[in-house]
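Got a model open and wondering where its labels come from?

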Amino acid sequence: MFYIFCPYCGEHREEEEFHPKGQAHISRPADPEATSDEEWGDYLFFRDNPRGVHHELWVHAVGCRKFFNITRHTVSYEILEVYKMGEQPSITAEHYAAQQGAASADKERNASQAKHQEGVRA
Amino acid sequence: MSQPNRLKTGGRVDRSRQLTFTFNGQRYQGHPGDTLASALLANGVDIVNRSFKYSRPRGIVAAGAEEPNGIVQLGSSEAGQVPNVRATQQALYQNLSARSTNGWPNVQRDLMGLVGKLGGQFMPPGFYYKTFMAPASMWLTYEKYIRKAAGLGRSPTENDADIYDHRHQHCDVLVVGAGPAGLSAALAAGRAGARVILVDEQEEMGGSLLSSRESIDDAPATTWAEKVLKELSALEDVTLMPRTTANGYHDHNFVTLHERCTEHLADIAPHVGGRRQVRSRMHRVRAGQVVLASGAHERPLVYAGNDVPGNMLAGAVSTYIRRYGVVPGNRLVLATSNDDGYRAALDWSEAGREVVAIADARQNPDGELVEQARAKGIRVIAGSAVIEARGDKRVAVAKVAKIDIEGFKVSGPVEELACDTIASSGGFSPVVHLASHTGSRPTWNEELLGFVPSPVKGMTPTGGAHGVYALGKVIADGFKAGSAAGEACGFERQDASLPKVDERREGAAVALYQVPHQKATLRGPKQFVDMQNDVTAAAIELATREGFESIEHVKRYTALGFGTDQGKLGNINGMAIAARCLGRTIPEVGTTVFRPNYTPVSFGAIVGRHCGELFDPERYTAMHQWHVENGAEFEDVGQWKRPWYFPQKRRAENGERLETMHEAVARECSAVREKVGILDASTLGKIDIQGPDAREFLGRVYTNKWAKLAPGRVRYGLMCKDDGMVFDDGTTSCLGENHFLMTTSTGGAATVLEWLEIWHQTEWPELDVYFNSVTDHWATMTVTGPEARKLMAELTDIDLDKDSFKFMDWHEGNVAGVPARVFRISFTGELAYEINVQANYAMHVWKKLFAHGDKYGLTPYGTETMHVLRAEKGFIIAGQDTDGSVTPEDLGMHWAIGYDKPNSWIGKRALTRPDTKRTDRKQMVGLKPKDPSVVLEEGAQVVFDPNHAIPMPMKGHVTSSYYSPTLQSGFALAVVKGGHQKMGETVYLPMVDGQVHEAEIVSPIFLDPKGERQNV
Ligand SMILES: [Zn+2]
């Protein structure tokens, strides 16, 4: 069971308070009528299923009812960061891979841990 | 009285007190401090079970959680039955009553033994799959007998008399295991000021220290343990939890701890101060850091006949002698691959019994313990092993021979040694179970000859759990781990002042798992790998010959590790054998994975207080008590209890009887159609929507238009997902220019609110609009029927004139002296007023309505009548008549689709896809059975040609079906392919019993198609 930092409440809370809502950053086409059936189908049904860094949309369902994003590692289940709606992730798959490979990996991981503890403030 | 194997002195049992217990009906004596296993061994009980498949006699092997054989059924009463208890972990108490789990009719003379002996050759791995699966129809029959014979324990047939608890906790450092490493870790973290929880599954904390031969600070190891425990208990933020198993390690350092509060006292928790105590408690702990100090399990050697009672783990022999004062035999032969096994021989010898010989697989054993054994005159046979144990119900002979480990063969003559006990040690396997619960696969360490935990964030293994075995090093390692865990939680690093432990000179161990025999494994006597599931070395070899190469497949094929012990003793040996057969190394055949729970947990502990009436919350409306008092039958709708129907008393031949549901519903329906009925509709979801952009928002989430809905007006709306499929419907009323009240289906209330929020927060945050659930704030009562207006007129100051308060209007006013919103919405097709009042006034209003309603024939009705009435009108229930694959067009609701709205509302784009435009989609229609007495089954399939060869093409299905007292006929709503163009056609509904019903496709509106009755 996850331990999730809600960036709006500013606290870690148990997973039972949250609902996962799928992949983050899926935006509805601005003009749906202008899309082809294939493009519309992609928007509706196709999602990434990465082994590794993944950005997810969650809602603090029985807390503040706010939606926010989580960057989570799908193998270790580690939550690498949380960030509010409208913000962009600071940890991406490329960034994470580089970080793991870097000589100063430990140091950076500690930094990201600290970030995870506090959440990402806007 | 007589405990032949009990030593006069030594151990941690209280010989001044006797405890009487029964095992398989026989009475025995033991002492406080005993486990059931130590007491059985003290009494010389050799056979504790019959084996699963071959029904061979089995005895105690281990002294802890890894025990495969000593699995008992506990309980002196039916309500107190507990299956699958490990005798090695069950504390003895007065009048404990236990039985063997296996053995039919009993363990001494076992009928199934004959089957086992005869069937032995005929029961290869995969036996059950190969033999009993055909014919498939017989599997249930076979299974019954297999289970009876196998005896997997049984659950009580009476209700559990005990209560169980849950507790949620947080801590900085959770230390799992209170052996030398765990104690030391807890000390380091505790001294730093961290909030520490230290758990240990045993009755007493101390782990291996409780049976250690070694000294710490020149005193017995137990003295140091006592000193540390004393210091820990004085620390305010340290919680010590003995009898507590960390049984599951989940994401983000979430650990479940199973604390057995009274299981050491009785099989049903005793009362204290008149109150029943909690039997066990599940702690759900979120730990900052986890220190895994779970130690290591000794691996037995795999040799022929290694399952005959009297074959034990070397370490277990030491534990029974040193901790329980029990020597489990008279003449010992020790088989070992390492120095540590020698402890058993030394302890045995010091207990005054004979050590016949030590068969050491190493060519030149020369460690300190080896020298001690030689100094005692014990015969050490180097380069040898016990290749076979002989004996019927107890070991009688150990066959010892020189072996060639590399060549996997016996390399010298066989010597037969008379003995009654064979102890074996093949080295240690770190207890990596918890670490692997998180999904982290253990890593093979060739130097340690064992799997060690792979890194888990926030977890530090220490001591035996990652292969550190020497006592002094274990204590230092534990301290370091505890200090680091404290530091990671923000506390200061602690400097260790470590106790003095003499370092022992140890000779290197040799890798030995399966011992060779003169005969090839497949033809030789059985060598057991997993005793609980009767998996032999031959079975594993056979599996590899049949093409199973991955250990995961071998395990499933042979059932290796699938017992309640999860193969704690056998898994590594099994992997080693598979590796040998495949000519690979252990890590090449795979790794070992364990899952929660570490040891079995009773359902009671998992459930806690969430049972009976606390299983799930029940939601009651404000009028619930009235419904109860008026004899309502209730229906569960989500968590709500809704009146289903209100059966009345009827005269019968001998007095009175209650109406059947059919009778009650017919009466309630007629009341609404002819007079006036009342429904408690409070459970409908209600969402208050406010803000300058509320109207714009509604226009985007509903399929129809909202731009012109004036204050005081109400409109029905359909909601789709963006795939164009209907997912909820309801009415929304305009309360003010920027203020709306949305209603949802009872079940959809929470989902719809979250749906509105996700669109607002993630797609249209620029819209200034707010949502709030007001479902519980307002109680709703629907007064409906031709007499509704007359009844309302007696109680309200609202002008009810049909021209000033029209259908689909709402008005504010007083009803029964209470401020109310009254809506002219109809879900019955009749004149209807939905009265909404603040929930705490609702009972008053409800009762007033009845006080005035009698003369109009006011009749309460429930959900069943509501369904009949709405279906007669063709009103859908989202989720019953729709299933996520139905568009508004499919429902025939073209009138509710605003294709020309300026925005691309949710679902619009999908409705122009070729698939949603098809004319042969399943479309909503009415079905009228040709025989009016027939009520079609909901879910029944519709076909066009009942004579079509099977499989018949299925053309649709019934979604709602009832008997209508008004139509005096059964009727149904259904979805039928191309149904809108098939009015008047006949369709067929083949039933399971062979009957085929005929029905005519009709309009789904069975009654008053022009809506005149509701619009009066
Ligand atoms: Zn929150």
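Q: How are the donor residues of the zinc ion spaced in sequence?
A: The spacing reads C-x2-C-x50-H-x3-C. This is a predicted model, where local features need pLDDT of at least 70, side-chain atom pairs count only at pLDDT 80 or more, and totals for chains, interfaces and linings use all residues. Residues are numbered from 1 along each chain as its sequence is written, chains are lettered from A and ligands numbered from 1 in the order in which they are written, and side-chain values use heavy atoms, leaving out hydrogens and water.

Q: What makes A:C6, A:C9, A:H60 and A:C64 donors of the zinc ion?
A: Their atoms SG, SG, ND1 and SG lie 2.0 to 2.3 Å from the zinc ion. Donors are N, O and S atoms within 2.8 Å of the metal (3.2 Å for Na, K and Ca), so these atoms qualify.

Q: Why is the site of the zinc ion called tetrahedral?
A: The angles among its four donor atoms run from 106 to 115°.

Q: Why does A:H60 count as buried, and what does A:C64 count as?
A: A:H60 has 1% relative accessibility, so it is buried (under 20% relative accessible area; exposed is over 50%, partly exposed in between; 1.4 Å probe, protein chains only). A:C64, at 29%, is therefore partly exposed.

Q: How do you know that B:R286 and A:E14 meet in a salt bridge?
A: Their side chains come to 2.5 Å, N to O. The rule asks for a side-chain nitrogen of Lys or Arg within 4 Å of a carboxyl oxygen of Asp or Glu, so the pair passes.

Methods. Tetrahedral: all angles 85-135°; square planar, octahedral: opposite > 155°, others 65-115°.
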